[in-house]
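The model is predicted.

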Amino acid sequence: MAKREIRKEGDEVLRKVTKPVEEINKKILQLVDDMLETMYGADGAGLAAPQVGILKRICVIDVGDGPVVLINPKKLNESGEQIQAEGCLSIPGIWGEVKRPDRVTVEALNRKGEKYTIEGTGMLARAFCHEIDHLDGILFTDKVIRYVELDKVKDRDKDKA
Ligand code: ZN
């Protein structure tokens with residue numbers, strides 16, 4: 001495994017729409033491993049492939065319950081509403097409140113290429129939305145309601161993705 005460079009806001013790769021993964025081969029699995037290592041190394045809660053310069057529909061998430069790998073994720077359902085502060089590994093030092101659904105169901109492929117569905121509430125639901133937005137070239141700052149100071153963000157909400 002190897003850490004990859006995290007692309008920062010201003011890099012046009014972050015604004016591109018990604019392409020579905022057609023075949024889960026060694027290269028894709030290596031990318032997934034590298035993304036996990038990069039996310040953990042940066043103390044992040046999520047990372048999407050464009051953040052390491054790859055225009056494929058892959059993201060990894062860990063909001064504290066273990067790694068979730070989403071290949072070609074699709075939102076099946078969303079409900080409720082939450083407003084919480086978010087940060088992004090590609091936009092260091094900036095925090096802002098974003099309105100997201102409180103419950104999100106996602107269908108994706110796992111690393112074996114098997115289709116599965118996963119439901120997330122709260123932080124996980126937010127991470128699904130934040131990461132899937134990255135796959136469509138959308139950054140959380142596009143949706144911020146209000147920027148906040150880092151020291152006013154509650155500890156459990158200090159998740160960069
Ligand atoms: Zn992000």
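## Largest pocket

The lining of the largest pocket includes a run of residues from Pro20 through Val21 and Glu22 to Glu23, together with Asn25, Lys27, Ile28, Gln30 and Leu31. Arg4, Ile54 and Lys56 also line this pocket. By type, the lining residues are five nonpolar, five charged and two polar. The space in the largest pocket comes to about 190 Å³.

## Strand β2 and its partners

Strand β2 covers residues 58-61 and is buried on both faces, with Ile58 and Val60 on one side and Cys59 and Ile61 on the other. Strand β1 (residues 46-48) runs antiparallel to β2 and is joined to it by three bridges. In that pairing, Gly46 lies opposite Ile61.

β2 also pairs with strand β3 (residues 68-79), again antiparallel, through four bridges. Here Ile61 has Val68 as its bridge partner. Six residues separate β2 from β3 in a hairpin, and Gly64 in the turn has a positive phi of about 115°.

## Nonpolar cores

The largest nonpolar core has 19 residues; those that touch the most other members are Ile61, Val63, Leu70, Val104, Val106, Ile118 and Phe128. Two or more residues come from each of β2, β3, β6 (103-109) and α2 (122-135). The largest contribution is from α2, with eight residues.

Beyond its neighbours within four places in sequence, Phe128 is in contact with Ile61, Leu70, Val104, Val106, Ile118, Glu119 and Gly120.

Conventions:
Residues are numbered from 1 along each chain as its sequence is written. This is a predicted model: local features need pLDDT of at least 70, side-chain atom pairs count only at pLDDT 80 or more; totals for chains, interfaces and linings use all residues. Side-chain values use heavy atoms; hydrogens and water are left out. Buried means under 20% relative accessible area, exposed over 50%, partly exposed in between (1.4 Å probe, protein chains only). Two strands pair if DSSP finds at least two bridges between them. On a 1 Å grid over the protein atoms alone, a cavity is a set of points where a 1.4 Å probe fits but cannot get out, and a pocket is an open set with protein on both sides within 12 Å along at least five of seven lines; lining residues have an atom within 4 Å of a point. Grid points are joined across faces, edges and corners, and a volume is the space filled by probe spheres set on the points. Ala, Val, Leu, Ile, Met, Phe, Trp, Tyr, Cys and Pro count as nonpolar, Asp, Glu, Lys and Arg as charged, and the others, Gly among them, as polar. A nonpolar core is a set of buried Ala, Val, Leu, Ile, Met, Phe, Trp, Tyr and Cys residues joined through side-chain atoms within 4.5 Å. Contact means heavy atoms within 4.5 Å.
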